[in-house]
Amino acid sequence: MRIGVIGTGGMGARHARNIARHVKGATVTLVMDAEEDRAASVAAEVGADVAPEARGVILSSYVDALVVASPDATHAGLAIDCIDAGKPALVEKPLGVSGEDAHGVVLAEVAAGRRLVQVGLMREFDPQHIAVRQSITAGDIGRPLIFRGWHRNPPQKPRPTTNQVVFGSAVHDIHSARWLLDSDPVRVFASGVVIHPSATQALELQLITLEMANGALATIEVNADSGFGYEVGVEVIGSTGTVTVAPHHTPVVRKGGTAGQRMEPDWLERFETAYLNEVRAWIASVNTGRAVGASAWDGYVALLAADGVVESLDTGMPVAVDLPRRPALYSDRSQ
Ligand code: ISE
(Lines give C-alpha, C1' and ligand atoms only; values in the text may rest on other atoms or scores of the structure.)
Protein backbone atom coordinates (compact mmCIF):
# COMPACT_ATOMS: atom_id res chain seq x y z
CA MET A 1 0.00 0.00 0.00
CA ARG A 2 1.39 3.38 -1.01
CA ILE A 3 0.88 6.11 1.59
CA GLY A 4 0.97 9.88 1.14
CA VAL A 5 1.70 11.97 4.24
CA ILE A 6 0.38 15.54 4.43
CA GLY A 7 2.16 17.46 7.18
CA THR A 8 5.54 16.30 8.47
CA GLY A 9 5.66 17.98 11.89
CA GLY A 10 5.91 15.85 15.05
CA MET A 11 2.95 13.55 14.36
CA GLY A 12 3.23 13.34 10.56
CA ALA A 13 6.92 12.48 10.82
CA ARG A 14 6.19 9.87 13.50
CA HIS A 15 3.51 8.20 11.36
CA ALA A 16 5.75 8.30 8.26
CA ARG A 17 8.65 6.67 10.13
CA ASN A 18 6.41 4.07 11.75
CA ILE A 19 4.92 3.09 8.40
CA ALA A 20 8.29 3.01 6.62
CA ARG A 21 10.07 1.06 9.36
CA HIS A 22 7.47 -1.09 11.04
CA VAL A 23 4.51 -1.85 8.77
CA LYS A 24 4.91 -4.74 6.33
CA GLY A 25 3.35 -4.19 2.92
CA ALA A 26 3.19 -0.40 3.25
CA THR A 27 5.52 2.29 1.92
CA VAL A 28 5.50 6.06 2.11
CA THR A 29 5.66 7.33 -1.46
CA LEU A 30 4.88 11.04 -1.22
CA VAL A 31 5.10 13.66 1.54
CA MET A 32 4.19 17.31 1.71
CA ASP A 33 4.67 20.09 4.26
CA ALA A 34 4.33 23.87 4.09
CA GLU A 35 7.93 23.93 5.35
CA GLU A 36 9.72 22.34 2.41
CA ASP A 37 12.92 21.55 4.31
CA ARG A 38 10.98 19.60 6.86
CA ALA A 39 9.22 17.63 4.11
CA ALA A 40 12.53 16.99 2.32
CA SER A 41 14.25 15.63 5.40
CA VAL A 42 11.39 13.22 6.26
CA ALA A 43 11.16 12.22 2.57
CA ALA A 44 14.88 11.38 2.53
CA GLU A 45 14.50 9.31 5.70
CA VAL A 46 11.58 7.22 4.45
CA GLY A 47 12.49 7.06 0.75
CA ALA A 48 9.58 9.20 -0.51
CA ASP A 49 9.19 12.04 -2.99
CA VAL A 50 8.13 15.55 -1.99
CA ALA A 51 4.95 17.11 -3.38
CA PRO A 52 4.38 20.88 -3.44
CA GLU A 53 0.79 20.89 -2.20
CA ALA A 54 -1.69 18.75 -0.29
CA ARG A 55 -4.34 18.10 -2.91
CA GLY A 56 -1.67 16.85 -5.32
CA VAL A 57 -0.78 14.19 -2.75
CA ILE A 58 -4.41 13.11 -2.39
CA LEU A 59 -4.95 12.85 -6.15
CA SER A 60 -1.57 11.28 -6.96
CA SER A 61 -1.73 7.95 -8.77
CA TYR A 62 1.23 6.88 -6.57
CA VAL A 63 -0.86 7.20 -3.40
CA ASP A 64 -3.50 4.69 -2.23
CA ALA A 65 -4.19 6.10 1.25
CA LEU A 66 -3.36 9.23 3.23
CA VAL A 67 -2.09 10.38 6.59
CA VAL A 68 -3.35 13.92 7.28
CA ALA A 69 -1.23 15.60 9.97
CA SER A 70 -1.26 19.19 8.74
CA PRO A 71 -2.37 22.18 10.88
CA ASP A 72 -5.70 21.62 12.67
CA ALA A 73 -7.63 24.14 10.58
CA THR A 74 -7.00 22.09 7.42
CA HIS A 75 -8.07 18.67 8.77
CA ALA A 76 -11.78 18.70 7.89
CA GLY A 77 -11.27 20.08 4.36
CA LEU A 78 -8.52 17.58 3.54
CA ALA A 79 -10.55 14.72 5.02
CA ILE A 80 -13.41 15.64 2.68
CA ASP A 81 -11.00 15.77 -0.27
CA CYS A 82 -9.80 12.24 0.61
CA ILE A 83 -13.41 11.02 0.77
CA ASP A 84 -14.19 12.68 -2.59
CA ALA A 85 -11.13 10.95 -4.08
CA GLY A 86 -12.35 7.61 -2.61
CA LYS A 87 -9.10 7.21 -0.63
CA PRO A 88 -8.88 6.09 3.03
CA ALA A 89 -7.28 8.54 5.45
CA LEU A 90 -5.89 8.55 8.95
CA VAL A 91 -6.70 12.12 9.99
CA GLU A 92 -5.03 13.62 13.06
CA LYS A 93 -7.18 15.04 15.83
CA PRO A 94 -9.00 17.33 16.11
CA LEU A 95 -11.10 16.41 13.07
CA GLY A 96 -11.97 20.10 12.66
CA VAL A 97 -11.92 23.40 14.44
CA SER A 98 -15.56 23.15 15.59
CA GLY A 99 -18.37 20.63 15.71
CA GLU A 100 -19.83 22.15 12.57
CA ASP A 101 -16.52 21.87 10.71
CA ALA A 102 -16.26 18.17 11.60
CA HIS A 103 -19.92 17.55 10.76
CA GLY A 104 -19.02 18.27 7.13
CA VAL A 105 -16.75 15.20 7.18
CA VAL A 106 -19.53 13.02 8.59
CA LEU A 107 -21.94 14.25 5.90
CA ALA A 108 -19.38 13.58 3.14
CA GLU A 109 -18.80 10.03 4.39
CA VAL A 110 -22.51 9.34 4.70
CA ALA A 111 -23.00 10.62 1.13
CA ALA A 112 -20.14 8.37 -0.04
CA GLY A 113 -21.82 5.46 1.78
CA ARG A 114 -18.61 4.10 3.31
CA ARG A 115 -16.19 4.86 6.11
CA LEU A 116 -12.91 6.17 4.80
CA VAL A 117 -11.73 8.28 7.74
CA GLN A 118 -10.07 7.11 10.95
CA VAL A 119 -9.40 9.92 13.44
CA GLY A 120 -6.19 10.07 15.49
CA LEU A 121 -7.96 9.87 18.86
CA MET A 122 -5.47 7.17 19.70
CA ARG A 123 -5.92 6.44 23.40
CA GLU A 124 -7.91 3.41 22.17
CA PHE A 125 -4.62 1.91 21.00
CA ASP A 126 -2.71 2.49 24.26
CA PRO A 127 -2.18 -0.79 26.15
CA GLN A 128 -2.92 0.90 29.50
CA HIS A 129 -6.21 2.36 28.31
CA ILE A 130 -7.13 -0.95 26.64
CA ALA A 131 -6.51 -2.79 29.93
CA VAL A 132 -8.88 -0.41 31.73
CA ARG A 133 -11.55 -0.95 29.08
CA GLN A 134 -11.09 -4.74 29.25
CA SER A 135 -11.49 -4.66 33.02
CA ILE A 136 -14.74 -2.72 32.66
CA THR A 137 -16.17 -5.00 29.98
CA ALA A 138 -15.17 -8.06 32.06
CA GLY A 139 -17.46 -6.69 34.79
CA ASP A 140 -14.66 -6.13 37.32
CA ILE A 141 -16.09 -2.85 38.64
CA GLY A 142 -19.81 -3.36 38.07
CA ARG A 143 -21.59 -0.53 36.29
CA PRO A 144 -19.18 2.29 35.33
CA LEU A 145 -20.42 5.49 36.99
CA ILE A 146 -17.67 8.11 36.94
CA PHE A 147 -14.73 8.65 34.58
CA ARG A 148 -11.87 10.69 35.99
CA GLY A 149 -9.21 11.81 33.53
CA TRP A 150 -6.04 13.77 34.07
CA HIS A 151 -4.02 15.18 31.20
CA ARG A 152 -0.90 17.19 31.94
CA ASN A 153 1.27 18.63 29.21
CA PRO A 154 4.79 19.98 29.15
CA PRO A 155 4.82 23.72 28.31
CA GLN A 156 4.51 24.45 24.61
CA LYS A 157 5.79 27.26 22.43
CA PRO A 158 3.82 29.25 21.54
CA ARG A 159 1.60 28.80 24.60
CA PRO A 160 -1.86 27.52 23.63
CA THR A 161 -4.96 29.68 23.78
CA THR A 162 -7.87 28.62 25.97
CA ASN A 163 -9.61 27.15 22.93
CA GLN A 164 -6.50 25.26 21.83
CA VAL A 165 -6.32 23.56 25.23
CA VAL A 166 -9.87 22.33 24.63
CA PHE A 167 -9.67 21.44 20.93
CA GLY A 168 -6.07 20.21 20.91
CA SER A 169 -5.94 18.36 24.22
CA ALA A 170 -9.28 17.86 26.01
CA VAL A 171 -10.84 16.23 22.92
CA HIS A 172 -8.76 13.14 23.72
CA ASP A 173 -10.25 12.90 27.21
CA ILE A 174 -13.78 13.57 25.99
CA HIS A 175 -13.32 10.68 23.59
CA SER A 176 -11.86 8.44 26.33
CA ALA A 177 -14.85 9.21 28.55
CA ARG A 178 -17.29 8.21 25.77
CA TRP A 179 -15.30 5.07 25.00
CA LEU A 180 -14.96 3.91 28.60
CA LEU A 181 -18.44 4.91 29.81
CA ASP A 182 -20.14 3.71 26.62
CA SER A 183 -22.27 6.80 26.37
CA ASP A 184 -22.42 10.28 24.83
CA PRO A 185 -22.23 13.61 26.65
CA VAL A 186 -25.53 15.45 26.99
CA ARG A 187 -24.35 18.41 29.11
CA VAL A 188 -20.98 19.98 29.87
CA PHE A 189 -19.70 22.42 32.45
CA ALA A 190 -16.19 23.83 32.57
CA SER A 191 -14.11 26.35 34.46
CA GLY A 192 -10.47 27.25 34.20
CA VAL A 193 -7.47 28.85 35.86
CA VAL A 194 -4.66 31.07 34.56
CA ILE A 195 -1.38 29.42 35.60
CA HIS A 196 1.20 32.09 34.79
CA PRO A 197 -0.53 35.49 34.50
CA SER A 198 2.68 37.21 33.44
CA ALA A 199 2.95 34.88 30.40
CA THR A 200 -0.65 34.38 29.25
CA GLN A 201 -4.24 35.03 30.26
CA ALA A 202 -5.29 31.71 28.65
CA LEU A 203 -7.04 29.21 30.90
CA GLU A 204 -4.23 26.68 30.73
CA LEU A 205 -5.63 24.57 33.55
CA GLN A 206 -9.23 23.49 33.13
CA LEU A 207 -11.72 21.32 34.96
CA ILE A 208 -14.43 19.87 32.74
CA THR A 209 -17.52 17.92 33.81
CA LEU A 210 -19.57 15.87 31.38
CA GLU A 211 -23.00 14.42 32.08
CA MET A 212 -23.53 11.36 29.93
CA ALA A 213 -26.76 10.09 28.35
CA ASN A 214 -26.69 6.92 30.50
CA GLY A 215 -26.45 8.94 33.75
CA ALA A 216 -22.70 8.47 34.26
CA LEU A 217 -20.41 11.45 34.90
CA ALA A 218 -16.93 12.40 33.75
CA THR A 219 -14.43 14.86 35.16
CA ILE A 220 -11.42 15.91 33.15
CA GLU A 221 -8.46 17.89 34.45
CA VAL A 222 -6.49 19.25 31.53
CA ASN A 223 -3.29 21.17 32.14
CA ALA A 224 -1.28 22.86 29.38
CA ASP A 225 1.78 23.45 31.56
CA SER A 226 2.31 20.86 34.26
CA GLY A 227 5.72 22.12 35.32
CA PHE A 228 7.03 18.53 35.54
CA GLY A 229 6.55 16.65 32.25
CA TYR A 230 3.74 14.71 30.57
CA GLU A 231 1.13 12.55 32.19
CA VAL A 232 -2.19 11.13 31.01
CA GLY A 233 -4.27 8.86 33.19
CA VAL A 234 -7.79 7.58 33.70
CA GLU A 235 -9.71 6.08 36.56
CA VAL A 236 -13.21 4.67 36.28
CA ILE A 237 -15.33 4.35 39.38
CA GLY A 238 -17.95 1.62 39.11
CA SER A 239 -20.79 0.33 41.26
CA THR A 240 -18.60 -2.41 42.79
CA GLY A 241 -14.99 -1.22 42.34
CA THR A 242 -12.61 1.08 40.52
CA VAL A 243 -10.00 0.62 37.83
CA THR A 244 -7.13 2.95 37.07
CA VAL A 245 -4.02 2.98 34.89
CA ALA A 246 -0.75 2.18 36.63
CA PRO A 247 1.12 5.45 37.37
CA HIS A 248 4.02 5.25 34.87
CA HIS A 249 5.89 2.89 32.59
CA THR A 250 9.25 3.65 34.15
CA PRO A 251 10.89 1.80 37.08
CA VAL A 252 10.74 3.10 40.63
CA VAL A 253 14.24 4.08 41.77
CA ARG A 254 14.97 4.48 45.47
CA LYS A 255 18.06 6.46 46.38
CA GLY A 256 19.23 9.17 48.74
CA GLY A 257 16.15 8.94 50.89
CA THR A 258 13.68 9.24 47.98
CA ALA A 259 11.71 6.91 45.74
CA GLY A 260 11.24 8.27 42.22
CA GLN A 261 10.13 7.53 38.68
CA ARG A 262 11.25 9.29 35.53
CA MET A 263 8.34 11.10 33.83
CA GLU A 264 7.86 10.80 30.08
CA PRO A 265 8.65 14.24 28.61
CA ASP A 266 5.88 14.24 25.97
CA TRP A 267 3.20 12.26 24.17
CA LEU A 268 5.59 10.98 21.49
CA GLU A 269 7.38 8.92 24.13
CA ARG A 270 4.42 8.14 26.41
CA PHE A 271 2.27 6.89 23.54
CA GLU A 272 5.03 5.37 21.39
CA THR A 273 3.37 1.95 21.39
CA ALA A 274 -0.09 3.40 20.85
CA TYR A 275 1.02 5.32 17.73
CA LEU A 276 2.53 2.18 16.27
CA ASN A 277 -0.53 0.08 17.10
CA GLU A 278 -2.76 2.79 15.66
CA VAL A 279 -1.03 3.02 12.31
CA ARG A 280 -0.75 -0.77 12.00
CA ALA A 281 -4.45 -1.18 12.76
CA TRP A 282 -5.28 1.53 10.26
CA ILE A 283 -3.29 -0.09 7.42
CA ALA A 284 -4.81 -3.47 8.26
CA SER A 285 -8.29 -1.96 8.21
CA VAL A 286 -7.66 -0.35 4.82
CA ASN A 287 -6.67 -3.81 3.55
CA THR A 288 -9.71 -5.57 4.99
CA GLY A 289 -12.19 -2.72 4.47
CA ARG A 290 -13.32 -3.06 8.12
CA ALA A 291 -12.98 0.29 9.88
CA VAL A 292 -11.34 0.43 13.33
CA GLY A 293 -10.55 3.12 15.90
CA ALA A 294 -12.23 6.49 16.20
CA SER A 295 -14.55 7.30 13.30
CA ALA A 296 -15.43 10.66 11.79
CA TRP A 297 -18.55 10.45 13.96
CA ASP A 298 -16.40 10.06 17.09
CA GLY A 299 -14.25 12.99 15.98
CA TYR A 300 -17.39 15.05 15.45
CA VAL A 301 -18.97 14.20 18.82
CA ALA A 302 -15.74 15.08 20.65
CA LEU A 303 -15.75 18.47 18.93
CA LEU A 304 -19.43 19.13 19.58
CA ALA A 305 -18.75 18.58 23.28
CA ALA A 306 -15.60 20.73 22.96
CA ASP A 307 -17.76 23.55 21.54
CA GLY A 308 -19.87 23.25 24.69
CA VAL A 309 -16.77 23.37 26.90
CA VAL A 310 -15.60 26.59 25.24
CA GLU A 311 -19.07 28.13 25.67
CA SER A 312 -19.21 27.06 29.30
CA LEU A 313 -15.74 28.53 30.01
CA ASP A 314 -16.99 31.75 28.50
CA THR A 315 -20.41 31.98 30.15
CA GLY A 316 -19.81 30.13 33.41
CA MET A 317 -22.96 28.12 32.72
CA PRO A 318 -23.61 24.45 31.90
CA VAL A 319 -24.20 23.85 28.18
CA ALA A 320 -26.40 21.19 26.56
CA VAL A 321 -24.75 19.03 23.88
CA ASP A 322 -27.35 18.45 21.18
CA LEU A 323 -26.26 15.45 19.17
CA PRO A 324 -28.12 14.67 15.97
CA ARG A 325 -29.10 11.03 15.40
CA ARG A 326 -26.10 8.85 14.69
CA PRO A 327 -26.15 7.78 11.01
CA ALA A 328 -26.44 4.03 10.40
CA LEU A 329 -22.96 4.09 8.83
CA TYR A 330 -21.51 4.36 12.36
CA SER A 331 -23.78 1.88 14.11
CA ASP A 332 -21.06 -0.75 14.65
CA ARG A 333 -19.59 1.42 17.44
CA SER A 334 -20.84 0.79 20.95
CA GLN A 335 -21.52 4.49 21.57
C1 ISE B 1 -1.06 16.72 21.48
O2 ISE B 1 -1.32 17.34 20.26
C3 ISE B 1 -1.59 15.34 21.47
O4 ISE B 1 -2.34 14.92 20.64
C5 ISE B 1 -1.34 14.60 22.73
O6 ISE B 1 -1.82 13.27 22.64
C7 ISE B 1 -2.08 15.33 23.81
O8 ISE B 1 -1.90 14.66 25.03
C9 ISE B 1 -1.57 16.75 23.93
O10 ISE B 1 -2.31 17.42 24.91
C11 ISE B 1 -1.74 17.47 22.60
O12 ISE B 1 -1.23 18.78 22.69
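Let me start with a question: is the crossing in which α1 passes α2 left-handed or right-handed? Right-handed, as it turns out: that's how α1 passes α2. One caveat before I go on, and that's that this is a predicted model.

Staying with that helix pair, α1 covers residues 10-22 and α2 covers residues 36-46, and they pack at an angle of about 15 degrees with their axes 10 Å apart. That makes α1 roughly parallel to α2. On the α1 side of the contact you've got Ala13, Ala16, Arg17, Ala20 and Arg21, and they meet Val42, Glu45 and Val46 in α2. Sort the residues of that contact by class and you get 5 nonpolar, no polar and 3 charged.

Now, the sheets. Take the one with the order β3-β2-β1-β4-β5-β6-β15: an open sheet of 7 strands with mixed pairing. At the edges stand β3 (49-50) and β15 (294-295), each with a single partner strand, so one side of each is left without a neighbour in the sheet. Further in, β5 (residues 89-91) pairs with β6 (residues 117-119) in the parallel sense, over 3 bridges. If you want to find that on screen, look for Leu90, which stands opposite Gln118 in β6. Then there's helix α4, residues 75-84, which packs on this sheet and touches β1 (2-6), β4 (65-68), β5 and β6. The direction of α4 makes about 180 degrees with that of β4.

Okay, over to another open sheet of 7 strands, again with mixed pairing, in the order β12-β11-β7-β10-β9-β8-β16. Here the edges are β12 (242-244) and β16 (319-320); each has a single partner strand, so one side of each has no neighbour in the sheet.

Let's go through some of the pairings. β7 (residues 144-152) and β10 (residues 217-223) run parallel and are joined by 7 bridges. Trp150 has Glu221 in β10 as its bridge partner. β8 and β9, on the other hand, run antiparallel, with 8 bridges joining them, and there Ala190 stands opposite Ile208 in β9. β8 also pairs with β16 in the antiparallel sense, over 2 bridges, with Val188 opposite Val319 in β16.

What about side chains in this sheet? Well, Arg148 makes a salt bridge with Glu235, and the closest N and O atoms are 2.8 Å apart. That pair links distant parts of the chain, since Arg148 sits in strand β7 and Glu235 in strand β11, 87 residues apart. In total, the structure holds 15 salt bridges.

Helix α7 (residues 162-181) lies across β7, β8 (185-193), β9 (205-212), β10 and β11, and runs at about 150 degrees to β7. And how do α6 and α7 pack against each other? At an angle of about 30 degrees, with their axes 10 Å apart. That makes α6 roughly parallel to α7. In α6, the residues His129, Ile130, Val132, Arg133 and Ile136 meet Ser176, Trp179 and Leu180 in α7. By class, that contact has 5 nonpolar, 2 polar and 1 charged residues.

Conventions. Residues numbered from 1 in each chain as written. Predicted model: local features only at pLDDT ≥ 70, side-chain atom pairs only at ≥ 80, totals over all residues. Heavy atoms only, no water. Axes fitted to C-alpha atoms, helices over the stretch in contact; angles between N-to-C directions. Helix = DSSP H or I, 4+ residues; strand = E, 2+ residues; numbered from the N terminus. Parallel < 35°, antiparallel > 145°, perpendicular 65-115°, else oblique. Left-handed = near helix turned anticlockwise from the far one by under 90°. Contact = heavy atoms within 4.5 Å. Nonpolar A, V, L, I, M, F, W, Y, C, P; charged D, E, K, R; others polar. Pairing = 2+ DSSP bridges. Salt bridge = Lys/Arg side-chain N within 4 Å of Asp/Glu carboxyl O.
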